[in-house]
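Good morning, and thank you for joining. Please look at the sequence and the structure on the screen, and I shall guide you from a single residue to the whole chain.

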Amino acid sequence: MTPNAEFTFSLQLFIYVLTLPVSWIPAVHTSILRYLWDFSNPMDATVKSVVFLLPALHLIVTLCVTMLAIYTIPFRSGRGPFIVALITAWWNSGRTIALYWLGFIRAAFPTLGWIWGFIRFVTGGIYLAVVKVLMLPLSIVKRATRSSLMPGIPWIAIGMTMLWIILEASLFSFTLLPTVSEIAADLGGVRSNNVLLQPALFFILFMLIAGSLPYMQVMVESIQTKNYKDTVQMAMVEIFVMFVEVVSLYRELADAITPALAQQSGGEV
């Protein structure tokens, strides 16, 4: 080996040994950043950015500072305390990263509690709203018939009203039975039993018709007492009930009696 070759080899070996503490850092940093900078999966990238980005940056800076500090050890007077300080700094760094991750776990419990409380609040509100809507006809009936316990009950009017409700419910249950039977057969996939379906339909129509009458009584009372809030509320309810009755009940009644009217009038009606 020539002297120049020996000198070149010695220089390369010296540079290699001199840069050995820091030569591996760029490769490690590149691997870490390549892993964190992968945005192909948005969810995975979000988790990595929140959970691992700050600890990774802390690790990169710590590695650079520590490896560069090694070059100062031969020139320091207090090498022992300095090495102890480096080890302590690494211990504190690991402790800081662990506390950072522990903070996510500690924050998860209140977050889950808040989510559970919000779900309970929403479900409780929906439950109370549904109960209030279902009990509204009964409360209105109670309010409208509160004076029934007093002397002088108008039994004739009550009897005529009940007869009208029964007559209307019977008529509409008869005219709506074919349509409801067809809908029930389509939903259930089997032929419906009209013996059980018609009483159920009669009961539903009876409750619907009977529940619509107290609304009118309450609306009249609210108009007399100038209670505009109840007046508007009852008017909206009556408009909705009227729409349902015209579309669902009277339309079927008209379809049922139209052939008879046409036959009796010779096709003129």
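Let us begin with the contacts of S222. Leaving aside residues up to four places away in sequence, S222 touches N227, D230 and T231.

Where does S222 lie? Its place is in helix α7, which covers residues 194-224. Is S222 buried or exposed? Its relative accessibility is 1%, and because that falls under the 20% cut-off, S222 counts as buried.

Let me now turn to the chain as a whole. The protein chain has 269 residues, of which 19% count as buried; S222 is one of the buried residues. The protein chain exposes about 20,200 Å², and carbon and sulfur atoms supply 75% of that area.

As to secondary structure, the protein chain contains eight helices and zero strands. Read from the N terminus, the order of elements is accordingly α-α-α-α-α-α-α-α. Taking contacts between residues at least 6 apart in sequence, 69% join residues at least 24 apart.

Finally, a word on confidence. The average pLDDT of the protein chain is 75, and 73% of the residues score at least 70. Which elements mark the two ends of the range in mean pLDDT? Helix α1, residues 3-23, has the lowest mean, at 64, whereas helix α5, residues 79-144, has the highest, at 83. Where pLDDT is low, predicted coordinates should not be read in detail.

Definitions and conventions: Residues numbered from 1 in each chain as written. Predicted model: local features only at pLDDT ≥ 70, side-chain atom pairs only at ≥ 80, totals over all residues. Heavy atoms only, no water. Helix = DSSP H or I, 4+ residues; strand = E, 2+ residues; numbered from the N terminus. Buried < 20%, exposed > 50% of the residue type's maximum accessible area, 1.4 Å probe, protein only. Contact = heavy atoms within 4.5 Å. pLDDT = per-residue confidence, 0-100. Areas by Shrake-Rupley, 256 points an atom, 1.4 Å probe, with all protein chains shown as cover.
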